[in-house]
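Biologist: I have not looked at this one before. Can you walk me through it?

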Amino acid sequence: MLKRTRYYAWLPALLFTISSYGQASGNATGIVNDESGHHLSGITVETLTNGKRIKATTTDSIGKFSFTNLPAGNYDFTFTSIGYQSQTVTGYSLKPGQTVSLLIAMISSSNKLADIVVVGYGTQK
């Protein structure tokens, strides 16, 4: 019976250690829309700290993105896609256990892509 009591005495300390370990990081989530409020998929989202890229992802079919287990610190977020102006939002301070939420409106780019001409050569049987 004494062994079981000792085991249970260590259990709270172990659980506290495990739960504190996960709190050293935070999360960032958000939605990316166009100017008229439509969700945009395939937008590249990067997290930067001190100009160094930490993680990158793309938005899903309903414009959502998510970063988990980001180390606590200061972050900038960059959003890029063909046909839209790149945007960077700065000055987000992420604390342990915190989740930062972002709502981004991408602005259409007036630049048009150049035409591409494809020429194929082959033989006919």
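Modeller: A term to start with: helices of at least four residues and strands of at least two are DSSP runs, numbered from the N terminus. Read that way, the chain follows the pattern α-β-β-β-β-β-β-β along the sequence. Keep in mind that this is a predicted model.

Biologist: How many helices and strands is that?

Modeller: The chain has 1 helix and 7 strands.

Biologist: What does the confidence look like?

Modeller: The pLDDT averages 84 over the chain, and 79% of the residues score at least 70. Where pLDDT is low, the predicted coordinates should not be read in detail.

Biologist: OK. Which strands make up the open sheet, and in what order?

Modeller: The open sheet has 3 strands in the order 4-1-7, and the pairing is mixed. Strand 4 and strand 7 (99-105) are its edges, since each pairs on one side only. On average, neighbouring strands of this sheet are turned by 20 degrees against each other, direction ignored.

Biologist: Do strand 1 and strand 7 run parallel or antiparallel?

Modeller: Parallel: 7 bridges join strand 1 (residues 25-33) to strand 7.

Biologist: And what stands opposite glycine 30?

Modeller: That is leucine 102, in strand 7.

Biologist: What about asparagine 33?

Modeller: Asparagine 33 is also placed in strand 1. It has 13% relative accessibility, and the cut-off for buried is under 20%, so asparagine 33 counts as buried. Leaving aside neighbours within four places in sequence, asparagine 33 touches His38, His39, Leu40, Leu103, Ile104, Ala105 and Met106.

Biologist: Switching topic. How many aromatic pairs are there?

Modeller: The structure holds 5 aromatic pairs. In one of them, the rings of phenylalanine 67 and phenylalanine 77 have centres 6.5 Å apart and planes at 40 degrees, so that pair is tilted.

Biologist: Where in the chain are those two?

Modeller: Phenylalanine 67 is in strand 4 (residues 64-71) and phenylalanine 77 is in strand 5 (residues 73-80), 10 residues apart, so the pair links distant parts of the chain. Both residues are buried.

Biologist: How is the ring of tyrosine 75 placed against phenylalanine 77?

Modeller: Those two rings have centres 6.4 Å apart and planes at 35 degrees, so this pair is tilted as well. Tyrosine 75 is buried at a relative accessible area of 4%, and the value for phenylalanine 77, also buried, is 2%.

Biologist: Which residues form the aromatic cluster?

Modeller: One cluster is formed by Phe65, Phe67, Tyr75, Phe77, Phe79 and Tyr92.

Notes:
Residues numbered from 1 in each chain as written. Predicted model: local features only at pLDDT ≥ 70, side-chain atom pairs only at ≥ 80, totals over all residues. Heavy atoms only, no water. Phe/Tyr/Trp six-rings, centres within 6.5 Å; stacked < 30°, edge-to-face > 60°. Buried < 20%, exposed > 50% of the residue type's maximum accessible area, 1.4 Å probe, protein only. Pairing = 2+ DSSP bridges. Axes fitted to C-alpha atoms, helices over the stretch in contact; angles between N-to-C directions. pLDDT = per-residue confidence, 0-100. Contact = heavy atoms within 4.5 Å.
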